[in-house]
Amino acid sequence: MNRKAEVICLQCPLACRVEVEVDKDNKVVSASNYKCKRGKTYAAQEIINPVRVLTTTVRVLTRDQIHPLLPVTTREAIPKGLLQDAMKQLAGIEVKTPVKYGDVICPNILNTGVDVVATSEVLN
Amino acid sequence: MQKVAGKFDVIVIGAGVAGAAVIRELSKYNLSAAILEKEPDVCFGATKGTHGIVHCGFPVDDAPIKNRTEMKGCLMMEQACADLDVPYQKAGKLLVAFNEEELRALQKALVSLKRNGVPGVELVTDKDRLRVMEPNISDQVIAALHTANTAVVSPWGLVFGLIENAVANGAKLYIDAKVQSITANNESGFLLQTSAGSFAAGYIVNAAGLFAGKVAGLIKDNSFVVSGTRQQRIVMDKKIEGIVRHVVRDLRATGAHGDFVSPTVYGDILLGAKVENVPEVGDLRTTREGLDGWILPRCRRLIPSLPPQMSIKPFSGYIPKAGADYLIKPSPVNSRFINIVLGGSGFSASLAVGEYVVNEILPSVGLQLQKKPGFNPIRKDIPHIHDLTDEERAELIGKDPLYGHIVCRCETVSEGEIVEAIRRGARTRDGVKFRTRSGMGRCQGGFCGPRVLRILSRELGIPVEQVTRKGEGSTEVLYRTKELLKEAKGGSK
Amino acid sequence: MSGIIERSVDVAVIGGGPGGLGAAIKAREAGAKNVVLLERSEELGGMLPQCIHNGFGLHYFKEELSGPAYIHRLVKELAKTDVDVMTQTMAIKLEGTRITALTEKTLTRINAKAVILGMGCRERSRGNIRIPGHRPAGVFTAGTAQRLINVEGYIPGKKVVILGSGDIGMIMARRLTLEGAEVVCLVELLPFIGGLIRNEVQCLRDFNIPVYTSHTVSDVIGKNRVEKVVISQIDKELKPIPGTEKEFEADTLLLSVGLIPENELSTMTGVKLEPTGGPQVDDLWQTSVSGIFAGGNVVHVHDLADYVTESSEMAAVNAVKYINGYLPVERKVNVKGGKNIRYVVPNTIVSNQPVSFFMRVTWPLKNATVRIGGLVSKKYAFVRPSEQIRIDVPAEMMKGFREDIIVNCDGEEDVAR
């Protein structure tokens with residue numbers, strides 16, 4: 001079964017609405033309505049394996065009543081379809097202090113090979 | 001079987017302005033008195049939504065009790081506010097005429113006011129003088145009836161002041177005390193079952209406002225029906241403080257039905273009012289037609305430079321009434337049970353109503369009054385950083401550092417004030433707001449909201465998710481972050 | 001004994017967000033001896049600690065960072081300086097360059113040689129736009145909800161309607177969905193999405209969030225807590241059309257309906273404001289009051305935190321020059337927005353230095369040209385109110401320029417958006 005989609009290209013402000021179609025082996029069968037090559041490549045990526053950087057928070061065991069959360073990010077983008085599962089996994093994590101900026105909070109989340117790291121720090 | 005929480009000579013039901021005035025008056029005498037409120041705080045009913053304009057009123061034929069209490073109450077207000085440390089500003093009122101016909105109506109009104117002995121009234125027909133008095137008034141206004149005694153007061157400030165003073169003088173306040181049943185006993189009075197326990201009372205003063213009919217129904221008194229009108233209004237940013245100095249009011253809409261632009265004791269400007277009969281008694285909704293279709297254009301007719309984008313809070317009040325005149329009399333079912341339902345200008349009249357009920361009605365049905373020698377009429381409000389001098393501020397912070405931590409940026413309200421408000425009875429965000437003004441300013445709690453929730457949680461010893469805006473069912477935040485993900489575990493979206 | 005503290009400093013910075021932090025660091029670097037930074041909140045960073053998403057720093061740090069990460073870097077820089085940082089400190093009065101501030105210690109009067117305003121902006125509230133209906137708990141501005149969810153650890157509710165498709169509104173739609181709440185729909189008054197296309201794709205489309213453009217919230221139902229939100233289609237005058245109501249069950253309404261520069265303090269001492277709510281500034285970021293400079297969102301609402309930091313740094317550098325008595329004022333030329341320009345900053349040009357002009361258009365156009373008076377023009381495939389335009393004009397072009405500068409934007413109507 002071929003899959004078709006309209007992908008809004010985010011590579012430049014033109015924001016082409018690229019019509020793209022792939023076959024069952026994820027080969028691009030057709031692409032149209034784009035103004036440059038980047039649009040075609042981007043659209044193919046978006047239909048074959050869209051990825052997103054996930055930024056969220058985890059709970060931190062701290063005395064600080066006002067800041068019970070630590071902001072975190074995946075170091076690289078992970079498959080879009082895994083975002084909700086990644087959120088659920090991170091919801092179960094409680095981090096001990098001190099946490100330094102860049103500390104790995106969850107290594108290799110959902111076997112993506114991508115680590116989740118702190119984007120702030122909580123010292124105590 | 002609930003244990004008796006208290007036995008009192010007099011119990012007042014309902015902690016709005018009428019009940020507050022009665023309990024404070026009762027606290028001047030050697031007797032035991034309590035006030036019961038079904039909400040988690042006082043002043044959570046109709047009084048919360050009044051405009052706080054206090055005036056001597058226009059005498060009308062079919063309302064003798066209103067006539068006698070309104071002017072008297074208005075003239076009592078200044079001293080009471082001074083005693084109770086309640087913001088009061090004698091702004092005066094300008095009732096304006098746009099044409100000759102309206103001018104003739106003003107002339108008639110002047111005669112009527114003078115005949116009834118209302119002090120400080122005059123007709124201003126000199127357009128130049130009018131513009132000196134009120135520089136932003138419409139060019140189309142040709143004359144105005146000036147009533148010097150009209151004042152603006154903080155409605156909730158007055159209720160807090162009256163009740164705190166009553167309690168300081170020995171009266172008791174019970175919140176979350178919804179009266180569920182009343183049993184009359186001819187010998188000793190009444191037994192009341194409430195959500196806060198049972199009470200015995202020799203006399204009951206039913207000041208339950210909107211719910212007075214229901215409360216009277218508990219003793220099978222169905223002699224009156226409470227109805228009322230909804231009044232939509234808009235609070236404007238105090239950036240335009242001074243756009244009016246007086247309460248400027250349209251003659252087209254006198255009586256309870258007033259289009260007005262009013263200063264407030266806090267510097268905000270208050271616009272009103274879209275007055276309506278609505279199907280649901282106590283309905284507090286605002287409508288687009290009311291706000292944008294009625295209030296703004298009509299108030300801009302009075303003050304053309306009024307900027308609509310300065311609106312910070314539209315709201316509705318609901319003024320309960322039980323007929324053309326105020327209802328203040330013993331129940332036909334049991335004379336030891338006094339019903340009070342005021343109506344338009346009830347806030348102006350409230351102090352005189354308290355006096356009337358305690359000094360005339362209750363003795364007429366057998367209550368013995370004996371002055372309490374130690375009665376202290378003075379009450380101090382929470383110190384407000386906003387209103388102090390720099391020296392006073394520094395001194396207060398020296399005593400309690402929390403007064404140096406500003407929580408509400410728009411109204412300059414400190415954590416110290418919020419903690420003190422909670423100590424004085426605030427249990428909810430509205431309770432804090434009405435006592436301190438935190439969240440009443442232009443950002444409407446955007447900045448201070450989360451901080452106030454935290455302080456309430458800490459001081460009351462309850463989780464943030466249980467802090468409410470105004471009592472049961474009005475929780476501010478419902479979950480902890482991550483809680484929803486744990487709930488959903490296993491199932492996929 | 002009053003306990004009032006009087007102190008004198010070279011530069012006082014009001015506000016510890018991305019602008020104030022940059023200004024304080026830069027002021028010290030540029031040679032100001034005593035620099036004090038006043039922040040009313042418990043922590044530094046302004047709005048950024050709650051902006052846990054990416055998109056910050058590409059311009060300033062040449063690296064894409066989250067809001068907390070961006071602030072972390074600035075705070076680390078600040079920690080290397082001897083800037084006196086006062087958190088939980090509220091400036092309550094400004095008289096010229098003298099500040100009255102409150103802290104838990106006491107009331108402090110700070111006599112500064114120069115002041116840099118960095119108070120940022122605040123969100124418009126429900127009352128500003130007069131959404132009718134009941135007034136229950138559960139109506140929040142998007143930024144307040146963002147702070148609750150990302151910093152304080154509370155989620156307002158789990159069935160949410162969002163009004164306003166600006167970036168914060170869209171980012172909150174994604175954030176709430178990821179945290180397990182349901183975003184019932186997002187409602188936008190204008191016929192097009194207000195924020196960046198990237199956010200439209202990654203915050204709305206990614207999560208199939210229903211969007212209603214040319215709609216507004218016409219009623220809020222629920223006496224105690226929000227129970228239902230009613231939306232209506234709007235007519236050309238932006239008024240709801242009767243009969244087009246749609247009712248959604250929801251426990252929460254979030255408002256992302258605009259930001260207003262926060263200048264209550266500035267106006268206390270007579271700083272003149274523009275209709276946008278920000279102070280009039282010249283190209284040296286000085287306001288109409290001598291010695292008071294301003295940068296970042298207190299002047300106008302920026303798309304990028306990077307530019308907030310940058311403009312505040314420029315304000316700081318010039319504040320130090322002012323203190324030292326060599327502010328390079330040559331002449332005064334007015335800058336005015338013309339065709340399809342909602343506002344332009346700076347409002348006057350006084351120096352011969354390079355100038356960055358910031359502006360927003362009123363209406364979206366395609367194949368557009370923006371002309372900065374007779375100085376420069378720049379072509380754009382699209383211009384949109386949501387996307388700030390920045391045009392840098394080099395020093396040599398500014399030299400000797402004496403006429404008022406009118407900024408115009410021409411182009412073709414953009415039907416697609």
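1. Twelve salt bridges (a side-chain nitrogen of Lys or Arg within 4 Å of a carboxyl oxygen of Asp or Glu) cross the interface of chain C and chain B. One to look up is B:D390 with C:R109, at 3.0 Å, N to O.

2. A word on the basis: this is a predicted model, where local features need pLDDT of at least 70, side-chain atom pairs count only at pLDDT 80 or more, and totals for chains, interfaces and linings use all residues. Residues are numbered from 1 along each chain as its sequence is written, chains are lettered from A in the order in which they are written, and side-chain values use heavy atoms, with hydrogens and water left out.

3. Next, the extent of that interface. Contact (heavy atoms within 4.5 Å) joins 57 residues of chain C to 60 residues of chain B. The two chains bury about 5,200 Å² between them, counted as accessible area (1.4 Å probe) lost on being put together, summed over both. In chain C, the residues that lose the most area to chain B are C:R130, C:R135 and C:Y154, together 15% of what that side buries.

4. C:Y154 also stands opposite B:R480, in strand 11 of chain C. This strand pairs in the antiparallel sense with strand 22 (residues 479-480) of chain B, over two bridges; strands here are DSSP runs (E, at least two residues), and pairing takes at least two DSSP bridges.

5. For domain 1, C:Q50, C:H53 and C:G258 supply 54% of the area buried against domain 2.

Key: Helices (H or I, at least four residues) and strands (E, at least two) are DSSP runs, numbered from the N terminus.
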